[in-house]
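Hello,

Here is the structure I said I would pass on. Please look it over, then read my notes below.

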Amino acid sequence: AAFLLNDGTKNGETFAPAKDQFQEELVIRPLHSGDIYASFQFRTLWDTDFLQEGQKKVSHYRLFPKSLGQVLSKFSVQELHISFTQGFWRTMQWGQPFIPSPPGAELWVWFHDTVSDVDGNWKELTNVLSGIFCASLNFIDMTNTVQPSASFKPLGLGNATDHRFLRYATLPREIVCTENLTPWKKLLPCGSKAGLAVLMKSEKLFHSSFHSQAVHIRPICQDEQCTSKAWELRQTLNVVFDHYTSGQGKKEWSLFKMFSRTLTEACPLASSSKVYVDITDNPELFELSPATPLLSQAVVLGDRRTYSVYDLTRAETFGQLRSFNLLLRWKGDNMLRPLLHAERYVAGFGLQTGEIHTVIYNNHPYRAFPVLLMDSVPWYLQLYIHTLTVTSKSRDNKPSYIHYQPAKDRHRPHLLEMLIQLPPHSMTEVTVQFERALLKWTEYTPDPNHGFYVGSSVVSALVPSMVAMSTNFTQDQPLFSSFVPVKEESSYFVRVYTEPLLVNLPTPDFSMPYNVICLTCTVVAVGYGSFYNLLTRTFQVDEPSPPLAKRLANFIRRIRGVPLLA
Amino acid sequence: MAFSLDTNCGLLNHNIIGPIYCTSTIFPPDILITQFWFNYRHVANTLSVYRSVKRLGIPDSHIVLMLADDMACNYRNPKPATVFSHKNMEFNVYGDDVEVDYRGYEVTVENFLTPRSKRLLSDDRSNILIYLTGQTGNSHGGNGFLKFQDSEEISNMELADAFEQMWQKRRYNELLFIIDTCQGASMYERFYSPNLMALASSQVGEDSLSHQPDLAIGVHLMDKYTFYLLEFLEEVHPASQANMNDLVSVCAHRVSVSPGHHTDLFQRNPGSVLITDFFGSVRKVEITKDTINLTSSVKSGSGDMQIESLTYVDQLPVAEIIHQKPKQKDWHPPDGFILGLWTLILLVFFQTYGIKHLKHIF
């Protein structure tokens with residue numbers, strides 16, 4: 001069907017359309033354990049202002065998805081970060097991810113400082129997002145939302161440091177499946193029809209060790225001088241394919257093996273469409289084909305890495321067969337030592353008390369650095385903060401900042417934030433004891449014996465970098481290295497998530513026959529039975545038959561005519 | 001929402017200028033309400049009906065799909081992101097384009113009867129198809145109720161009342177209710193609203209059987225009734241003339257249980273009702289020949305922006321955090337303990353030194 005467009009010209013003025021651009025990128029990083037890490041990043045930049053009202057209200061959307069634009073303007077959102085993850089990122093085997101995320105669903109939002117009712121906006125926002133992403137985000141309410149006071153500073157522009165406008169919540173139990181990927185793919189300008197998104201087939205993506213899809217929206221600088229700002233929508237998808245499960249044991253990967261597809265064209269709406277392969281460990285660790293002369297160097301996570309770049313907007317990349325497939329073959333084995341690593345577990349026995357241990361490792365040989373640990377524990381695990389101990393190298397380590405907000409039953413979770421200085425080459429252990437609460441019977445989930453989840457702890461740190469990083473923010477930087485703004489050259493910001501915990505609460509026996517029989521029989525026997533007896537029972541004196549001797553004596557007495565014995 | 005022009009719209013003219021407006025009048029919710037991995041077949045049942053309904057033209061915005069447990073991405077599934085309905089993994093009913101509206105713990109009786117969000121916006125011209133599968137109270141010696149998530153139940157009387165409410169509020173034109181559980185016929189016994197047709201996989205006192213197990217997945221894949229229903233629906237296409245009598249007889253002769261149907265409340269003769277009235281989408285198209293004027297968006301002037309230098313915030317400002325004072329939000333009056341302590345001190349003081357010192361203090 002054809003539409004006749006009439007460009008509105010009023011009084012000789014011509015309106016120029018708002019500038020928006022779209023970039024897509026795939027980074028492939030071979031991991032030392034033989035697994036492969038693929039990270040898709042799709043970025044839409046739009047020079048507009050969502051918070052305008054009236055005449056200038058945004059109503060024409062081109063590359064930016066309309067559903068998200070309406071959400072931003074309706075709820076006056078300044079920054080929105082939502083991620084859905086299946087699996088846990090194994091830092092010891094895989095290193096640090098480009099964009100970290102905890103298992104389950106995580107949502108944190110900075111609202112604009114003109115918002116008067118932040119809690120109301122938050123509640124409505126979670127409901128709308130749950131409809132957009134087909135997820136159960138409507139389970140986010142005041143019992144699992146916290147307002148961190150020092151973690152989660154805005155990643156975009158802004159001077160909002162008032163933490164009243166920040167809300168953070170996780171749902172560690174949330175499952176990610178095709179129904180979440182489908183609406184996520186629909187937000188892309190080319191959908192899943194062209195460009196890098198054709199590789200996203202759910203049968204392969206979910207058959208992996210780690211799968212994480214996220215949407216990050218924030219205002220950023222348009223240029224180096226930072227005179228104007230633009231909205232950035234970043235959709236990221238990180239997936240790690242395990243060479244045992246999806247690789248059939250062979251340490252050999254190709255695009256076709258990972259995604260069951262090859263690339264045939266770039267997205268026509270994209271201004272840049274590139275594939276980066278990390279070849280820093282080439283040729284000792286693996287070999288790559290087809291080779292390409294285009295190389296690029298970037299400082300990522302404190303380390304200088306070299307990347308082979310394949311530009312999909314150029315026809316030569318696709319070769320004779322009009323299809324682009326990479327092949328990587330492993331040669332050696334190597335172990336990795338990440339600088340910062342954290343884990344968490346529950347100790348203790350029984351269903352009354354327990355202890356949460358969080359262990360943070362600093363593997364730097366000589367530098368100490370500070371980390372900010374944020375713990376959000378649900379109200380039904382009642383923490384005893386007087387038992388909180390922080391020990392490093394078997395000595396007490398006093399945190400320089402502690403913020404603790406106690407929980408209110410059924411209303412608010414615990415929030416504990418601590419700034420801890422980690423000594424070099426050490427292990428720091430944070431322990432706190434807790435008691436398990438008994439919930440009311442309607443508050444149990446339909447499968448209470450599965451256990452209750454406690455969200456991951458967040459460790460935010462400034463890790464010293466081995467290589468000087470540049471603080472200039474240019475547009476041409478590859479997307480994966482420009483997510484976190486760099487303020488100083490000697491350290492980089494990293495966020496590490498621990499495992500979520502699964503704790504058993506004292507669960508009543510829900511089995512039906514037991515309850516029915518016990519209750520009914522008890523009620524009938526004790527209640528009704530005693531009442532019935534009280535109302536109808538009469539007592540009569542009943543003389544027992546006398547023993548034989550007495551009977552004989554009475555018989556003789558009757559014959560004699562003498563009064564009988566009693 | 002994609003507008004697809006199928007032959008029912010009758011629109012193949014390329015010279016149309018103007019908006020094309022299609023409405024669909026079918027709203028089918030598909031509901032699956034049991035948990036746990038051994039109830040895999042219930043998910044396969046629901047997804048096969050969902051697939052058929054989507055294939056026959058109904059868009060996702062008009063379908064409410066409720067799945068009580070996640071089978072596709074369950075860790076026990078040997079092939080993640082797939083749900084198979086035929087053994088040897090022939091037929092993946094999960095597909096690549098599924099949208100589940102209610103999943104996991106959200107599938108409750110309350111969300112089924114009165115959803116607060118993600119609801120059907122049906123009106124009195126809509127035909128509604130409801131497909132339920134799960135477990136009724138059979139092993140516990142009751143019938144007439146359907147279990148939700150092993151912890152709640154909905155009785156046949158509640159269902160009948162809900163449909164009556166929908167009729168009173170003019171929320172449907174005709175309603176087809178299909179249920180695949182044991183003793184399924186007990187669920188539609190109490191219906192009393194007009195224009196309702198109900199089909200069940202088994203009579204009262206009978207059990208509904210599952211069809212085929214798959215040895216790789218380890219559980220039964222589908223129920224017999226839905227299996228034959230799916231086979232029948234695969235042959236239906238949007239212009240098909242198959243009618244309700246064909247649907248009713250789909251399972252009658254092949255299996256040992258006898259499916260039931262309840263057509264008394266239906267005003268039209270079932271033989272004259274097309275399958276596509278409920279399973280497919282009827283699109284009405286309005287054509288207009290007027291031109292539409294689209295004005296380009298207004299570029300927000302850069303003069304409006306404040307020319308202050310915008311900067312990124314420091315992600316971990318250690319010095320700032322250490323000196324951050326905890327916010328005293330509200331002033332609370334002093335604690336009872338403190339008040340009591342001061343009262344005690346003052347009392348002891350005046351006791352010891354006498355009241356005449358009072359004027360020196362105040």
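Buried area here means the accessible area, with a 1.4 Å probe, that two parts lose on being put together, summed over both. Please keep in mind that this is a predicted model.

Domains first. Between the two domains, about 4300 Å² is buried. Carbon and sulfur atoms give 62% of that area.

On the domain 1 side, A:Thr143, A:Leu155 and A:Arg173 lose the most area to domain 2. Together they make up 14% of what that side buries. A:Arg173 also forms a salt bridge with A:Asp447, with the closest N and O atoms 3.2 Å apart. The count between the domains is 1 salt bridge. There are also 12 residue pairs in polar contact between them.

Now the sheet. In chain A, 11 strands form an open, mixed sheet. The order is β7-β8-β6-β5-β9-β10-β4-β3-β12-β15-β14. β7 (145-146) and β14 (295-300) stand at the edges with a single partner strand each, so one side of each has no neighbour in the sheet.

β12 (residues 272-278) and β15 (residues 303-311) run antiparallel and are joined by 5 bridges. There, A:Val277 has A:Ser308 in β15(A) as its bridge partner.

One helix to look at: α4 (residues 178-186) of chain A lies across β4, β9 and β10. It runs at about 30 degrees to β9(A).

Best wishes

Note on methods. Residues numbered from 1 in each chain as written. Chains lettered and ligands numbered in written order. Predicted model: local features only at pLDDT ≥ 70, side-chain atom pairs only at ≥ 80, totals over all residues. Heavy atoms only, no water. Pairing = 2+ DSSP bridges. Helix = DSSP H or I, 4+ residues; strand = E, 2+ residues; numbered from the N terminus. Contact = heavy atoms within 4.5 Å. Axes fitted to C-alpha atoms, helices over the stretch in contact; angles between N-to-C directions. Salt bridge = Lys/Arg side-chain N within 4 Å of Asp/Glu carboxyl O. Polar contact = N/O pair within 3.5 Å; in protein donor to acceptor, adjacent residues only side chain to side chain.
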